[in-house]
Amino acid sequence: MSAGLVAIFNPTGAFTLTGAAFLFGLGFAIWVAAIALHWQAERVQSKE
């Protein structure tokens with residue numbers, strides 16, 4: 001997500017708005033997946 005934000009606000013960068021949005025979206029998807037996996041791991045450990 002950080003790479004996408006930097007690319008959006010960097011006026012001298014070679015990233016397009018579409019590329020920056022893609023980087024941000026990819027970072028967001030990875031972040032959400034990590035939260036879901038952590039939640040699932042906590043749920044499994046509490047049953048043991």
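Reply: Leu26 is partly exposed, with a relative accessible area of 41%; buried means under 20%, exposed over 50% and partly exposed in between, with a 1.4 Å probe and protein chains only. This is a predicted model, in which local features need pLDDT of at least 70 and side-chain atom pairs count only at pLDDT 80 or more, while totals for chains, interfaces and linings use all residues. Residues are numbered from 1 along each chain as its sequence is written, and side-chain values use heavy atoms, with hydrogens and water left out.

Leu26 lies in helix α2; helices (H or I, at least four residues) and strands (E, at least two) are DSSP runs numbered from the N terminus. The protein has two helices and zero strands. Between Leu26 and Ile8, which stand 18 residues apart along the chain, the C-alpha separation is 14 Å. Taken along the principal axes, the C-alpha atoms of the protein fill a box of roughly 55 × 15 × 10 Å. Of its 48 residues, 8% count as buried. The accessible surface comes to about 4,100 Å², and 72% of that belongs to carbon and sulfur atoms; such areas come from the Shrake-Rupley method, and for residues only the protein chains shown count as cover.

Ile8 also belongs to a nonpolar surface patch of about 970 Å², whose other members include Phe9, Phe28 and Trp31. Helices α1 (2-9) and α2 (17-47) each supply at least two residues of the patch, and α2 gives the most, with six. Phe9, in helix α1, is exposed at a relative accessible area of 66%.

Within helix α2, Phe28 and Trp31 are three residues apart and therefore separated by about one helical turn. Phe28 is partly exposed at 40% relative accessibility, as is Trp31 at 46%.

Rings of Phe, Tyr and Trp (its six-membered ring) pair if their centres lie within 6.5 Å; planes under 30 degrees apart count as stacked, over 60 as edge-to-face and the rest as tilted. The count by this rule is one aromatic pair. The ring centres of Phe28 and Trp31 are 5.6 Å apart and their planes meet at 50 degrees, so the pair is tilted.

Conventions
Patches are made of residues with over 30% relative accessible area and no salt bridge: like charges are joined within 9 Å, nonpolar side chains (Val, Leu, Ile, Met, Phe, Trp, Tyr) within 5 Å. Accessible areas come from the Shrake-Rupley method with a 1.4 Å probe; for residues, only the protein chains shown count as cover. A salt bridge is a side-chain nitrogen of Lys or Arg within 4 Å of a carboxyl oxygen of Asp or Glu.
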